[in-house]
Amino acid sequence: MRLVLYTGKGGVGKTTTAAATAIRAAEAGRRTLVVSADSAHSLGDVLEQRIGPERVEVAPNLEAIEVDVRVEVIRHWGHVQQFLVELFRYQGIDAIVAEELALLPGAEEVVTLLAVEEFALSGVYDFIVVDCAPTDATLRLVTLPDIAERTLSVLLPLFETISSVAVPLARKIVSLPLPGSEVFRDADELLNRQLRALQQRLTNPQTSVRIVLTPERMVIDEARRAWTELSLFEVSCDAVVMNRILPDEASDEPFFEEWWRLQEERKREVEEFFAPLPVLFSPLQDDEATGLERLSRQGACLFGEHEPDAVLSVAPRVRFEREGDGYRASVPMPGASLDRLDVAKIDDELTITTGVRRRVLKLPRSIALLDLLGARLDGPSLIVSFGSADGA
Ligand SMILES: Nc1ncnc2c1ncn2[C@@H]1O[C@H](COP(=O)(O)OP(=O)(O)O)[C@@H](O)[C@H]1O
Ligand SMILES: [Mg+2]
């Protein structure tokens, strides 16, 4: 089962591209599902059909769904959420606010992925295309299983220990809501089964993120950061989609000439920066690209010779290798800059921070005993060296 997630800044054409990709694949006979994971659902508008929280067939071989995050949160993590609502309300927080708060940051992203994982496991589809919320939410989505697992695996045993001792006693003397066994069951299920499954799905070679951008400065800069951060988490990007490209005829039109020249520059810049990822170009349409027919044409221009569901590029992964008397870790971080990077080793963990994103890597035993000697950027990789600091 092939999974492709489209991300990018708001308004660049994610929904349009996701729909066009799904339509082309369905036309080629792949059993396809297109999932809207952006709570500002616009997939229905783009497909010009009514779509809701249940899957509907929109064309032969093609189904579509808009994930309802609230429903999914309750389904997957209902007891935990209920408990949190009770807890917040007990603290005097208004019911509606309590419900909002109990949708923990990131919970939306996790349940969206859980829904996708269920479709993936159903065996009904060859290809699932996800139209994600704008970049930051996507990055939370793909990096969260890693982070949530770490947080929960520390919190849960602690929580359990405290409550096994304190709950029976506390129930007698305070009215504070206390977590029942079903809360632990939900949290445990989420931690031990679901988050691990998501982690595996996201780093599976059949899963790719495609970054959509337009030839504008801010859009390109955001896309570059996204690629660096996705790579750090070993989530593979297999292509960049450059949307709203003026046709070559525009180079002869006085009004468009300058615009076209700037666009050519940015095309080159994007191709250079994102190499070796293929950059697929999607033409600017004279009208909005909606409806099955127009989307199919848009998809044909975009993919040309490529299959829409092909793995268009394979991303490198974290590697540990011998280096002199010690070892080195090679971490894919294309486009990273040293001034935004922080690298630290604590016991058997290597922590790499870039901006607001942090990856914690468990080190093999042989390296855990060594010291961190230094870190440098070498092309698309961060190289971290380990050895004995005293040279012994
Ligand atoms: N290549 C294109 N040519 C013309 N209009 C486009 C093109 N791609 C997207 N649009 C229009 O731009 C708007 C935003 O596109 P959309 O796919 O909804 O972006 P996103 O999902 O990234 O927010 C929509 O009105 C869409 O029809
Ligand atoms: Mg959209």
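How are H1 and H10 oriented to each other? Let's start there and then walk over to the ligand.

A bit of housekeeping before that. This is a predicted model, where local features need pLDDT of at least 70, side-chain atom pairs count only at pLDDT 80 or more, and totals for chains, interfaces and linings use all residues. Residues are numbered from 1 along each chain as its sequence is written, chains are lettered from A and ligands numbered from 1 in the order in which they are written, and side-chain values use heavy atoms, with hydrogens and water left out.

Okay, the helices. By helices I mean DSSP runs of H or I with at least four residues, and strands are E runs of at least two, numbered from the N terminus. The axes of H1 and H10, which is residues 292-303, come within 8 Å and cross at roughly 90°. Axes here are lines fitted to C-alpha atoms, for helices over the stretch in contact, and angles run from 0 to 180 degrees between N-to-C directions. So H1 and H10 are roughly perpendicular to each other; that label covers 65 to 115 degrees, while under 35 counts as roughly parallel, over 145 as roughly antiparallel and the rest as oblique. In the contact (heavy atoms within 4.5 Å), H1 brings residues including Thr16, Ala20 and Ile23, and H10 brings, among them, Leu295, Ala300 and Phe303. By class, that contact has eight nonpolar, five polar and two charged residues. Ala, Val, Leu, Ile, Met, Phe, Trp, Tyr, Cys and Pro count as nonpolar, Asp, Glu, Lys and Arg as charged, and the others, Gly among them, as polar.

Now look at H8, residues 217-232, and H9, residues 257-274: they pack at about 5°, axes 11 Å apart. H8 and H9 are therefore roughly parallel to each other. Trp227 of H8 and Phe273 of H9 are among the residues making that contact, which has six nonpolar, no polar and four charged residues.

The peptide bond from alanine 275 to proline 276 is cis, with omega near 5°.

On to ligand 1. It is surrounded by 17 residues, and the closest are Lys14, Thr15, Thr16, Arg244 and Glu288; being near means a heavy atom within 4 Å. H1 gives the largest share of that shell, three residues. For polar contacts with the ligand, think N or O pairs within 3.5 Å. A polar backbone atom of glycine 11 is 2.8 Å from a ligand oxygen, and the side chain of glutamine 298 has an N or O atom 3.1 Å from a ligand nitrogen.

Last one: arginine 244 lies in strand E7. Arginine 244 has a positive phi of about 65°, although it is not a glycine.

Technical notes:
A polar contact is a pair of N or O atoms within 3.5 Å; within protein, one must be able to donate a hydrogen and the other to accept it, and residues adjacent in sequence count only if both atoms are side-chain atoms.
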